Amino acid sequence: MRPVSYSRVADVATAIGTVAADPGSTFLAGGTTEVDLQRIHVASAKRLVDINDLPLRQVEELPGGGVRIGAVARMSDVAQALPVRRRFPMVSQALLLGASAQLRNMASIGGNLMQRTRCGYFRDVAAACNKREPGTGCSAMTGVNRGHAVLGTSEHCIATHPSDLAVALVALDAVVLTQGPGGHREILADDFYLAPGDTPDREHPIAHGELVVAVQIPPLPMASTSIYLKVRDRESYEFALASAAVAVALDAGVVTDVRLALGGVSSKPWRARRAESVLVGAPATVESFRAAAEAEMADAVPHAMNAYKIELGRRTIVRALRMVTGDARMVSEDGNPP
Ligand SMILES: Cc1cc2nc3c(=O)[nH]c(=O)nc-3n(C[C@H](O)[C@H](O)[C@H](O)COP(=O)(O)OP(=O)(O)OC[C@H]3O[C@@H](n4cnc5c(N)ncnc54)[C@H](O)[C@@H]3O)c2cc1C
Ligand code: SF4
């Protein structure tokens with residue numbers, strides 16, 4: 001048994017000060033990831049600073065149509081919050097399609113964004129893993145890599161990022177608000193997640209003791225009809241094999257604006273900028289959607305067991321675009337799913 005001390009804090013300054021002063025400490029929110037990783041010896045904090053009493057549970061409507069979500073708000077509460085459901089349904093759907101009802105009632109927004117990869121080798125302390133133990137190698141390269149990423153990977157790590165919420169936030173240009181020993185920061189969700197490169201152990205730009213205090217989603221009227229599509233091995237309680245968060249604005253059948261981000265196929269929540277640029281100005285047809293999907297997945301790099309994710313990624317993009325533009329027949333001219 002490894003002794004772990006626990007304390008509960010009620011104000012943000014104390015939370016930050018306590019963790020920042022002790023390299024062996026970490027924040028504890030819902031505990032649904034942290035306790036798990038402690039138990040299997042992947043995480044090794046000696047002191048857990050419980051942040052559940054911090055006044056960071058609100059979901060606030062912002063003037064102009066944005067929303068601010070406190071970091072300690074529960075996934076289930078945020079999914080049900082009216083401003084989120086009305087203005088950003090892709091966020092509500094991403095939350096409801098994640099984990100299980102029990103987990104969503106416990107898990108927080110900040111914890112969801114800070115969760116670690118579900119790569120099996122990362123969670124097995126007997127395996128080589130550059131993310132867990134830099135310089136040891138990557139067991140997934142030649143191992144069981146069916147669930148691993150095809151976009152944004154490096155020779156040092158091919159793990160996927162697991163958060164569904166993060167995919168929606170990247171599509172919406174949301175900003176992660178942090179507070180730490182160095183003061184306040186506002187980090188674009190897309191910049192909050194680092195590609196593995198040659199330092200896969202560094203997943204976020206935030207420092208030890210820096211607390212995520214909120215997430216702010218800017219106004220985006222077209223997001224009121226957005227969707228989050230998640231493809232997985234079974235219909236509940238499962239991480240994504242591929243997912244897409246999408247919002248589209250149309251004028252006379254032509255795409256005038258689009259937001260598209262992918263999960264499950266990529267090493268970080270993946271803003272599909274190539275697909276977006278193919279779509280803007282194009283007619284909202286299956287042909288355009290396929291061209292966009294083709295462009296986005298063009299640089300995908302498969303490994304032995306996950307080549308199927310390239311075609312799955314393409315189909316997920318096309319299907320999500322068809323759904324959000326109202327063409328939900330799900331059958332193409334040749335009679336096959338798109
Ligand atoms: C069986 C299972 C299935 C799951 N399926 C999905 C899924 O399909 N989709 C999905 O998106 N997620 C899924 N999850 C992950 C789940 O959503 C996360 O475990 C949860 O959101 C983490 O939130 P938490 O509050 O429990 O965080 P904790 O476990 O308390 O913390 C997680 C990490 O974040 C840090 N942290 C927490 N809050 C803050 C903060 N405010 N600032 C800085 N650091 C912080 C902690 O120090 C810790 O390192 C699943 C989890 C399980 C166990
Ligand atoms: S894919 Fe990344 S997390 Fe998985 S074993 Fe390789 S280095 Fe570790």
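Two strands are taken to pair if DSSP finds at least two bridges between them, and helices (H or I, at least four residues) and strands (E, at least two) are DSSP runs numbered from the N terminus. The legends below describe a predicted model, in which local features need pLDDT of at least 70, side-chain atom pairs count only at pLDDT 80 or more, and totals for chains, interfaces and linings use all residues. Residues are numbered from 1 along each chain as its sequence is written, chains are lettered from A and ligands numbered from 1 in the order in which they are written, and side-chain values use heavy atoms, with hydrogens and water left out.

**View 1. An open sheet of five strands with antiparallel pairing.** The strand order is β4-β5-β8-β6-β7. Because β4 (59-61) and β7 stand at the edges with a single partner strand each, one side of each is left without a neighbour in the sheet. Neighbouring strands are turned against each other by 20 degrees on average, direction ignored; the axes behind such angles are lines fitted to C-alpha atoms, for helices over the stretch in contact, and angles run from 0 to 180 degrees between N-to-C directions. Three bridges hold the antiparallel pair of β4 and strand β5 (residues 67-70), and within β5 it is Val67 that stands opposite Glu61.

**View 2. The hairpin of β6 and β7.** Two residues lie between these strands. Strand β6 (residues 175-180) pairs with strand β7 (residues 183-188) in the antiparallel sense over six bridges. Val176 has Ile187 of β7 as its bridge partner.

**View 3. An open sheet of three strands with parallel pairing.** The strands follow the order β1-β3-β2. Since β1 (5-8) and β2 (25-28) are at the edges, each with a single partner strand, one side of each has no neighbour in the sheet. From one strand to the next the twist averages 25 degrees. Helix α1 (residues 12-20) packs on this sheet and touches β2 and β3, its direction making about 145 degrees with that of β2; contact means heavy atoms within 4.5 Å.

**View 4. Residue pairs along β3.** Strand β3 (residues 47-50) runs parallel to β1 and is joined to β1 by four bridges. On this side, Ser7 stands opposite Val49, and Arg8 has Asp50 as its bridge partner. Four bridges also join β3 to β2, again in parallel, with Leu48 as the bridge partner of Thr26. In a regular strand the side chains alternate between the two faces of the sheet.

**View 5. Ala249 in strand β10 (residues 242-251).** Leaving aside neighbours within four places in sequence, Ala249 is in contact with Met222, Val254, Val255, Thr256 and Asp257. Ala249 and Val280 are 31 residues apart in sequence and 9.4 Å apart in space, C-alpha to C-alpha.
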